[in-house]
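Please take a moment with the sequence and the model shown below. The paragraphs that follow walk through a few of its features, one after another.

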Amino acid sequence: QVHVVESGGGLVQPGGSLRLSCAASGSIFSRARMGWYRQAPGKERELVATITSGINTNYLDSVKGRFTISRDNAKNTVYLQMNSLKPEDTAVYYCNAYIGVGLLMGDYWGQGTQVTVSS
């Protein structure tokens, strides 16, 4: 069984910062591509950022230069540092662990954490 658990959401004013954390089962973390997705009310879930086991990163265009994804394999944790937040960043943010091969191959999702950007 693979577990993925997010934390760190909340309410922040425009221009503020938040850091999201996601812990995943230790047995898969080091070889998983980790990612953050978000879903705003009435919209489809969208990819925000991913980081491979080789530390290659990819970002949604609208968050480039403001968000940074990183991982700490020793702690089985991935982070999303969000700066210069905008109201349009308001959404439920989901952590994803993707395993491409092996017995645990598949997508694993956390329960989501709410991020609200509002004055």
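In this predicted model, C22 and C95 are joined by a disulfide, with their sulfur atoms 2.0 Å apart. The bond connects distant parts of the chain, since C22 belongs to strand β3 (residues 18–24) and C95 to strand β9 (residues 91–99), 73 residues apart. A disulfide is a covalent bond between the sulfur atoms of two cysteines. The torsion about the S-S bond of C22 and C95 is about -85 degrees, and the disulfide is therefore left-handed. Both cysteines, C22 and C95, are buried, and the structure holds one disulfide.

Strand β3, which carries C22, also takes part in an open sheet of four strands, arranged in the order β1-β3-β8-β7 with antiparallel pairing. At the edges of this sheet stand β1 (4–7) and β7, each with a single partner strand, so that one side of each is left without a neighbour in the sheet. From one strand to the next, the twist averages 15 degrees. Strands of a sheet pair through backbone hydrogen bonds, either parallel or antiparallel. Between β7 and β8, which run antiparallel, there are six bridges, and within this part of the sheet R71 stands opposite V78 in β8.

Another salt bridge brings together the side chains of E46 and R38, at 2.7 Å from N to O. R38 and E46 are linked with R66 and D89 in a network of salt bridges.

The side chains of D61 and K64 also meet in a salt bridge, with a distance of 3.0 Å from N to O. D61 counts as exposed because its relative accessibility is 60%, which lies over the 50% that marks an exposed residue.

Notes: Residues numbered from 1 in each chain as written. Predicted model: local features only at pLDDT ≥ 70, side-chain atom pairs only at ≥ 80, totals over all residues. Heavy atoms only, no water. Disulfide = S-S within 2.5 Å. Helix = DSSP H or I, 4+ residues; strand = E, 2+ residues; numbered from the N terminus. Buried < 20%, exposed > 50% of the residue type's maximum accessible area, 1.4 Å probe, protein only. Salt bridge = Lys/Arg side-chain N within 4 Å of Asp/Glu carboxyl O. Pairing = 2+ DSSP bridges. Axes fitted to C-alpha atoms, helices over the stretch in contact; angles between N-to-C directions.
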